[in-house]
Amino acid sequence: MMDINEIQTFLPHRYPFLFVDRVTEVESGVLIKGYKNVSFNEYFFEGHFPGMPIMPGVLIVEALAQISGILGFVTTGRKPSENLIHYFAGSNKVRFKRPVVPGDQLILESNFIKERQSIWKFQCTAYVDGEVACVAEVMTAERER
C-alpha cells in the first residue's frame, strides 16, 4: 500500500492535477491497483457540467496514466527524483461505460503489457461500485528530464 506521501515520491503531479489518492496493491512488472476519491469540491465540476457534475473522461484516463506511471517506476526500481519521468504518451481503445460523479470512489487498475524502447504499454480499467466506468490501453514514455 502507498499513501499520498509515498505516491508523491513516484509522481511529479501535485494539486490540482494529482488523481491517485492511494495505491492498494502493486506487483512489480505485473499490476497496480488504487483509487481516487471523487469529491464535489473538485475544481472541474464547476464547469463540467453546471447542475449535472460529471468527471471529465480525459481526467479518468489521466488517472489511469498516473497509476500506470507509478507501476513503471516500481518495476524499474527508480523514481522521478533520479531525473526520470513517465510521460503520458498515448491511449487506444478508450471506452467510457458509466459517468463518474461526486461521491464516487474511482477504483484504478493497470496491468503491464510490455515495454519496448522505453515506451510502456498498460491495459487499464476504472471502476465505480464494481461497475466498469472506463477501459483504455495507456502508453507512457520513460524519459530523462
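Biologist: Is Lys93 buried or exposed?

Modeller: Lys93 counts as exposed because its relative accessibility is 60%, where buried means under 20% relative accessible area, exposed over 50% and partly exposed in between, with a 1.4 Å probe and protein chains only. Keep in mind that this is a predicted model, in which local features need pLDDT of at least 70 and side-chain atom pairs count only at pLDDT 80 or more, while totals for chains, interfaces and linings use all residues. Residues are numbered from 1 along each chain as its sequence is written, and side-chain values use heavy atoms, with hydrogens and water left out.

Biologist: Where is Lys93 found, and what is its phi?

Modeller: Lys93 is found in strand β3, residues 84-96, and although it is not a glycine, its phi is positive, at about 55°. Asp129 also has a positive phi, near 50°, in a residue other than glycine; Asp129 is found in the loop between β5 and β6, and it is exposed, with a relative accessible area of 68%.

Biologist: OK, stepping back: how many helices and strands does the chain have?

Modeller: The chain has 2 helices and 6 strands, which follow the pattern α-β-β-α-β-β-β-β along the sequence; helices (H or I, at least four residues) and strands (E, at least two) are DSSP runs, numbered from the N terminus.

Biologist: And what is its radius of gyration?

Modeller: The radius of gyration is 14 Å, which agrees with the value near 15 Å that a compact globule of 145 residues would have; the radius is taken over C-alpha atoms, and the globule rule is 2.2 Å times the number of residues to the power 0.38. Along the principal axes, the C-alpha atoms fill a box of roughly 45 × 30 × 25 Å, and 42% of the 145 residues count as buried.

Biologist: Which residues have the most contacts inside the largest nonpolar core?

Modeller: They are Ile7, Met55, Ile70, Val100, Leu106 and Leu108, in a core of 36 residues, where a nonpolar core is a set of buried Ala, Val, Leu, Ile, Met, Phe, Trp, Tyr and Cys residues joined through side-chain atoms within 4.5 Å. The elements that give two or more residues to this core are α1 (4-10), α2 (57-76), β4 (105-116), β5 (119-128) and β6 (131-144), and α2 gives the most, with 10 residues.

Biologist: What does Ile70 touch?

Modeller: Leaving out residues up to four places away in sequence, Ile70 touches Met2, Ile7, Phe10, Leu11, Val20, Val23 and Ile32, with contact meaning heavy atoms within 4.5 Å.

Biologist: Last one: what does Val101 touch?

Modeller: Val101 touches Val38, Phe45 and Pro53, not counting residues up to four places away in sequence. Val101 is found in the loop between β3 and β4 and, at 29% relative accessibility, counts as partly exposed.
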